[in-house]
Amino acid sequence: MSLARAFQYSGSSNILSTLWPADDQAGATLTTDFFRFLSQKDASATALQKARQEWLRRSDDYHCHPYFWAGYVLIGEGGEVNIGSGDNWLSTFIFCFGLAIAIMIAGWAIGKKKGHS
């Protein structure tokens, strides 16, 4: 089970995720390119492929290592995504907000149990 499954349950049909901790610069560049290709009406799987290819095209010998780009995976349908037209944005926001509150309460409870206030 992963956090991606929670997003699927809340109505997200596609989730871009990483398999390991990502490099900040690679993450910013890859996701920016991913969303740029999505906005050009590419299917999400195609947009990720093009973002990876763009990363490799711009990279030097060090940054073309798979650590920087191969950990990005698409979970879901892989089809076309209509950015900004989703009907589930409110339910996703409420779910994420509720999840954040639950994590804060759990952290508070654990700290209180250990004797910290």
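Let's start at tryptophan 69. Not counting residues up to four places away in sequence, tryptophan 69 touches Leu30, Arg52, Trp55, Leu56 and Cys64. Contact here means heavy atoms within 4.5 Å.

A word on the source. This is a predicted model, where local features need pLDDT of at least 70 and side-chain atom pairs count only at pLDDT 80 or more, while totals for chains, interfaces and linings use all residues. Residues are numbered from 1 along each chain as its sequence is written, and side-chain values use heavy atoms, with hydrogens and water left out.

Next, the core. Tryptophan 69 belongs to the largest nonpolar core, which has 12 residues in all, including Leu30, Trp55 and Tyr72. A nonpolar core is a set of buried Ala, Val, Leu, Ile, Met, Phe, Trp, Tyr and Cys residues joined through side-chain atoms within 4.5 Å. H2 and helix H3 (44–58) each give two or more residues to this core. H2 gives the most, with five. Helices are DSSP runs of H or I, at least four residues, numbered from the N terminus.

Now threonine 29. Threonine 29 sits in helix H2, residues 24–39. Is threonine 29 buried or exposed? It counts as buried, because its relative accessibility is 14%. Buried means under 20% relative accessible area, exposed over 50%, partly exposed in between, with a 1.4 Å probe and protein chains only. Leaving aside neighbours within four places in sequence, threonine 29 is in contact with Trp55 and Arg58. From threonine 29 to tryptophan 69 is 40 residues in sequence, and 10.0 Å in space, C-alpha to C-alpha.

On to the charges. The count of salt bridges comes to five. A salt bridge is a side-chain nitrogen of Lys or Arg within 4 Å of a carboxyl oxygen of Asp or Glu. Asp33, Arg36, Glu54, Arg57 and Arg58 are linked in a network of them.

Take aspartate 33 and arginine 36. Their side chains meet at 3.1 Å, N to O. Both lie in helix H2, three residues apart, about one turn. Aspartate 33 is buried, at 5% relative accessibility. Arginine 36 is partly exposed, at 34%.

Then glutamate 54. Which residue forms a salt bridge with glutamate 54 at 2.5 Å? That is arginine 57. Glutamate 54 and arginine 57 are three residues apart in helix H3, so about one helical turn separates them. Glutamate 54 is buried, at 17%, whereas arginine 57 is exposed, at 59%. Arginine 58 also meets glutamate 54 in a salt bridge, at 3.2 Å, N to O. Arginine 58 is partly exposed, at 43%.
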